[in-house]
Amino acid sequence: MLEAYSNAVVWIVVFSFLVAFFLAFGVGANDVANSFGTSVGSKVLTLRQACILATIFEILGALLMGYKVSDTVRKEIFDLEMYTDEEKLLMMGNLAALFGSAVWNIVATFLKLPISGTHSIIGAILGFTCVAKGFRGIRWKTLGFIVASWFLSPLLSGLVSVAIFLLIRRFILSKENPGDAGLTALPLFYGFTVFVNVISVVLDGSPVLRLDNIPAWLAATVSGVVAILIAIIIRVQVVPRERQKGVSSREQNELSVENPIAADENAEVSDDSRPEVANLFKSLQVMTAIFGSFAHGGNDVSNTIAPLVSLWLIYANNPDGETPAWLLIYGGVGISAGLWIMGRKVIETMGKDLSKITPTSGFTIEIGSATTVLMASKFGLPISTTHCKVGSVVFVGCARTRSTKEVDLKLFRSIVLAWLVTLPFTAIFSAFMLLILYSVTVP
């Protein structure tokens, strides 16, 4: 047990908390752009508004959903039993993993390249594991499942987003009066978004909040009731107000020689061509941005603090314990700090440079990618929110014009290259750091 020399490893705990905050800072500066980059790019939210909303919902997502993915990252990639009576080595390994992942996240942010927090932390864990124990004990089946999800996530997220976009184009944007058609569907959009969000929290939820014992039928019932109530509120309160705004906009356009919002010449049907349609999806995109931020908090905060959780529980002589809620909040605070201070760089890449974002395409990108991430989180699968969001941006960008001319393919290739470099870079750096720590501390 660690009790005999717990005082001798206090320095590991202290440094791990500092480095974990540095890692969370880097993840916030890089990955949170996945949640709000499209909203800022389409000018639905200002950068300041995005930061405020992200601070709230990243932390909530971490607290309500983060424990499950954290357990996957720290328990199922390698066999913890290999480190029986070698707790100090495991603690140093987790510290090395935090170092490796943190450095790459900050470097990628300076380069304005959105990379995967999931890739970086798992690569770092593999790096220290190979140095400490070789390839023995690595759970290749679990790792293979995770790696496969990295390639499937942009494809699945892109297809979901494109399917939603094509439905909107077919049943709303192509109509003679798309504003009225959109308002008719607005309660459904809100109801669906709220249902998925609530059931993701309640079904097999956090044991910290005693949500893990709620039966599936009750979780579905509660989620359905909340979704229906929200849909009714939107139908009664929001739709009439937005419909009146649409009427006023059409009256103004009839008196103008030029439409105040220019049509998109590259698309057959564009939400930019009608003010009421653009305004409709602007109001809805705020909801989906929050949805995406919540999903990111549930999935990626876990990646950030998983080694810290493992290290802390070892120090507390409870290596098989559940992820403490206060550690999830700690990771969420670090992520929020990174967004406020350095988030602008990658937000510009995701919201402006990679592809043109409109309120409609922004909504479909966010709802598609967030749904993919939330469902994965419920299965404990740490997929990449970066891959999901980039996949949706590229797929929807191509779908808008039925070509690739609105997608910066050179930038997309640079992003993919950064994805490929992430795992080996963090693995090598983490392995190198463990060698240094071991040589300095072990006689």
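The legends below describe close-up views of a predicted model, with its confidence and its salt bridges.

Residues are numbered from 1 along each chain as its sequence is written. In this predicted model local features need pLDDT of at least 70, side-chain atom pairs count only at pLDDT 80 or more, totals for chains, interfaces and linings use all residues, and side-chain values use heavy atoms, with hydrogens and water left out.

**View 1. Confidence along the chain.** The pLDDT (the predictor's confidence in each residue, from 0 to 100) averages 80 over the protein, and 82% of the residues score at least 70. Among helices (DSSP runs of H or I, at least four residues, numbered from the N terminus), the mean is 75 in helix α3 (residues 47-75), where confidence is lowest, and 90 in helix α4 (residues 87-110), where confidence is highest.

**View 2. Salt bridges at Lys112.** Lys112, Glu348 and Asp353 are linked in a network of salt bridges, each defined as a side-chain nitrogen of Lys or Arg within 4 Å of a carboxyl oxygen of Asp or Glu. Glu348 meets Lys112 at 3.0 Å, N to O, and this pair joins helix α11 (residues 344-353) to the loop between α4 and α5 (117-133), 236 residues apart. Asp353 meets Lys112 at 3.9 Å, N to O, the two residues lying 241 residues apart in the chain. With partly exposed lying between buried (under 20% relative accessible area) and exposed (over 50%; 1.4 Å probe, protein chains only), Lys112 is partly exposed at 26%, as are Glu348 at 27% and Asp353 at 30%.

**View 3. The Arg400 and Glu406 pair.** The side chains of Arg400 and Glu406 form a salt bridge at 2.5 Å, N to O. Arg400 is buried, with a relative accessible area of 3%, and Glu406 is also buried, at 11%.
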